[in-house]
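Open the model in your viewer and keep the selection tool at hand. This tour goes stop by stop.

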Amino acid sequence: MLILAATPIGNLGDASARLIEVLENAVVVAAEDTRTTQRLLQALGIGNRPRLIALHDHNEKARAAELAAIAADEDLVVLSDAGMPTVSDPGYGLVAAAVDQGVTVTSIPGPSAVVTALAVSGLPTDRFAFEGFLPRKAGERARVLHALAAEARTLIFFESPSRLAATLADMGDAFGDDRRIAVCRELTKLYEEVRRGTARELAAWAAAGVKGEIVVVVEGAPERSVSPDDALAQVQDLVAGGVRLKEAAAEVAAQTGLSSRELYQAALAARGR
């Protein structure tokens with residue numbers, strides 16, 4: 001079978017008894033970084049030395065079918081550098097290939113930066129959406145954030161320390177400065193820190209420089225109604241700014257809950273007046 005095994009995101013004490021048992025008996029391990037896995041085995045005091053196969057973003061597509069075939073014959077353990085494989089880490093392509101080949105897929109649950117940050121954020125946990133890493137380019141990042149502006153669920157993002165201040169500033173522009181945000185840094189590690197505030201407050205803090213692994217949790221949008229006329233005006237503003245009409249209609253529809261097709265047709269009709 002294929003075994004997806006969650007590893008500690010910081011504190012080695014979070015390694016489960018099942019994880020240690022499986023690693024003690026593993027014959028083959030697909031690892032995001034074989035060097036990181038070797039250090040993990042040593043740190044956990046595991047004497048077993050399984051065969052390690054690299055599985056990362058650059059080779060997963062090419063190796064997925066091959067590794068799924070291995071899992072059909074013997075247990076194959078999959079490890080990312082931290083947390084659960086497939087969640088913003090390699091593994092999804094391998095799981096899909098294994099499912100296609102009829103291979104059993106199971107998991108060893110464990111630490112997750114996503115739910116850990118959500119739990120300590122102090123923001124609503126009943127409904128949430130994980131968005132992973134935002135685009136690196138400022139324009140693309142702003143467009144994604146504006147498309148999420150009306151999302152009512154709590155939003156969770158990963159971000160690099162070097163882009164954190166810029167991302168928080170973009171969140172202020174897209175979401176407004178009344179949303180509650182929690183920046184969770186170095187979760188479960190010695191210098192764990194959770195900073196809470198508005199986008200503007202947190203961007204000013206981050207501008208001085210931040211280190212470590214970062215998870216940003218953002219309060220969902222409050223319920224609000226937008227009239228079709230106001231929504232049409234938003235579409236027209238986006239188009240005036242260089243966005244294609246179809247994309248502008250889709251973006252405003254995502255923010256307002258109105259029909260993308262109807263906004264598109266209304267914008268075309270307004271052009272002909």
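A residue is called buried when its relative accessible area is under 20%; over 50% it is exposed, and in between it is partly exposed. Keep in mind that this is a predicted model.

**Stop 1: helix α10**

Select residues 245-256. This is helix α10, with 12 residues. From its first C-alpha to its last it reaches 16 Å, close to the 16 Å expected at 1.5 Å a residue.

Now show the side chains. Which residues of α10 are buried? They are Leu 245, Ala 248, Ala 249, Glu 251, Val 252, Ala 253 and Gln 255.

Step just past the end of α10. Gly 257 sits there, with a positive phi of about 85 degrees.

**Stop 2**

**Stop 3: the open sheet**

Move on to the strands. Strands of a sheet pair through backbone hydrogen bonds, either parallel or antiparallel. Find the open sheet of 5 strands, in the order β6-β7-β10-β8-β9. Its pairing is mixed.

Which strands lie at the edges? Select β6 (128-133) and β9 (193-197); each pairs on one side only. Look along the sheet to see the twist, which averages 15 degrees from one strand to the next.

Zoom in on β8, residues 181-185. It runs antiparallel to β9, and 5 bridges join the two strands. Select Ala 182, then look across to β9: Arg 196 stands opposite.

**Stop 4: two threonines**

Stay with β8 and β9, and follow the loop between them to Thr 188. Its phi is near 70 degrees, a positive value in a residue other than glycine. Is Thr 188 buried or partly exposed? Thr 188 counts as partly exposed, because its relative accessibility is 22%.

Finish with Thr 86. Look for it in the loop between β4 (76-79) and α4 (92-100). Thr 86 has a positive phi too, near 85 degrees, and it is also a residue other than glycine. At 30% relative accessibility, Thr 86 counts as partly exposed.

Conventions: Residues are numbered from 1 along each chain as its sequence is written. This is a predicted model: local features need pLDDT of at least 70, side-chain atom pairs count only at pLDDT 80 or more; totals for chains, interfaces and linings use all residues. Side-chain values use heavy atoms; hydrogens and water are left out. Helices (H or I, at least four residues) and strands (E, at least two) are DSSP runs, numbered from the N terminus. The expected span of a helix is 1.5 Å times one less than its number of residues. Buried means under 20% relative accessible area, exposed over 50%, partly exposed in between (1.4 Å probe, protein chains only). Two strands pair if DSSP finds at least two bridges between them. Axes are lines fitted to C-alpha atoms, for helices over the stretch in contact, and angles run from 0 to 180 degrees between N-to-C directions.
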